[in-house]
2 protein chains.
Amino acid sequence: MEGQVEGEPLTRVVAVADDLFFTHGVHAVTMQRIRSEAGVPLKKLYGMFPSKDALLAACLERRDRIARSALAARAEQHDDPVARTLSVFDFLDDWFHQPGFRGCVFAGAFGEAGAAAPVVVTAVQAHKQSVRELLTGLVADVGIREADAVGAQLAVLFDGAMALATFTGDTGAARHARQAARAVLEAGLRG
Amino acid sequence: MEGQVEGEPLTRVVAVADDLFFTHGVHAVTMQRIRSEAGVPLKKLYGMFPSKDALLAACLERRDRIARSALAARAEQHDDPVARTLSVFDFLDDWFHQPGFRGCVFAGAFGEAGAAAPVVVTAVQAHKQSVRELLTGLVADVGIREADAVGAQLAVLFDGAMALATFTGDTGAARHARQAARAVLEAGLRG
DNA sequence: GCACCAAGAGAACGGCCATTCTCCCGAGCG
DNA sequence: CGCTCGGGAGAATGGCCGTTCTCTTGGTGC
């Protein structure tokens, strides 16, 4: 009631760790610090998650759920199928312009944990896969026959915008991706 | 005359380090190992580069030069401006299918070195910027008026294909990016 | 032949951090 | 009131690696 994070210890730990990882980078955040900010003894922390990597994987799964529901909610606000599809890039645009934007967690986690943490690699791949399926679903609703191919193209645009925004800080990437997505959709409708 | 890498010590060190960083990841490669494989004493190594980060930055600059000249050479093989522009994605396709493909060095370096190494961030940004300029130049040759905007869209596709290939191993990303690029160019020519 | 110098090879230092261990306190029960 | 036991806080452990330091060795000029 007086702190910032409430709820069951496990939920709280993941929320706190996610926030720290996202803000400062995985490598820069120590288990000690997570322990302090979550108010959980180290022993209990290691009782919940066998390793830092496992905790990171749990954070990534949480992010995946949150991102997908946010994307879906954004799409729900539109009736026109094309507008629904393009709303995905509006979501990116808003996200990039949020004050604390630090880039895609998945890209960062992949780079830092690297090939040494298979559990992280799996989480990243699952996320990218789920985003691609979401996009393909939206494209199918537009009435495009080759929904798989066009969905994959939108996925490339989605990740490209995130990569550019992450690496160069170019927040205009979302707008460029949106414009390209429009061209891709029109080509899909025509062909 | 009998080793694998020749040339001036500095050139050799960068080539060896680049190869190791690229193959095993920046974090996994120690200075000791670079020393061993380059056949250079540690003291001399630190005489050439004040820190590991500086050496990494030199490797990234080298990659930037190599990548740009490879892209330009590939484009030179075509006469039609549209084909020249799309050849960029053929280059990606070939690269993704090379046996030792491990993803984009710049993405990996950015994730691993992170915000802690400004010199790396700078190198990554310079590279992304130079690629974008290269693409914008190709688009301008096609005769599209809004070359800047379309070039930026192609840059999104370029980085998106690399990000997907790096994170998920989806080598088809280059093909999807190419198809999307065609749609973007057609829209640019029409509008 | 001998003293000096340069440079190479690797040992040593310092610091960081995931993970484990130990001690201590407070609550609950007899 | 005293005893035990669970759990919390943080100290120790073990290992890694960037960076620096030292010693050795081989060559050269007198």
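At what angle do the axes of helix 7 and helix 8 of chain A cross? In this predicted model, local features need pLDDT of at least 70 and side-chain atom pairs count only at pLDDT 80 or more, while totals for chains, interfaces and linings use all residues. Residues are numbered from 1 along each chain as its sequence is written, chains are lettered from A in the order in which they are written, and side-chain values use heavy atoms, with hydrogens and water left out.

The axes of helix 7 (residues 118-142) and helix 8 (residues 147-168) of chain A come within 8 Å and cross at roughly 130°; axes are lines fitted to C-alpha atoms over the stretch in contact, with angles from 0 to 180 degrees between N-to-C directions, and helices are DSSP runs (H or I, at least four residues) numbered from the N terminus. That makes helix 7 of chain A oblique to helix 8 of chain A (under 35 degrees is roughly parallel, over 145 roughly antiparallel, 65 to 115 roughly perpendicular, the rest oblique). Residues in contact (heavy atoms within 4.5 Å) include L135(A) and V139(A) of helix 7 and L154(A) and F158(A) of helix 8.

Turning to the pair of chains, chain A can be laid on chain B with an RMSD of 0.0 Å by a turn of 180° and a shift of 0.0 Å along the axis (least squares on C-alpha atoms of residues with pLDDT of at least 70 in both). That is the relation of a two-fold axis, and G160(A) comes closest to this axis among the residues of chain A, at 1.6 Å (C-alpha). The contact takes 35 residues from each of chain A and chain B.

Definitions and conventions
Helices (H or I, at least four residues) and strands (E, at least two) are DSSP runs, numbered from the N terminus.
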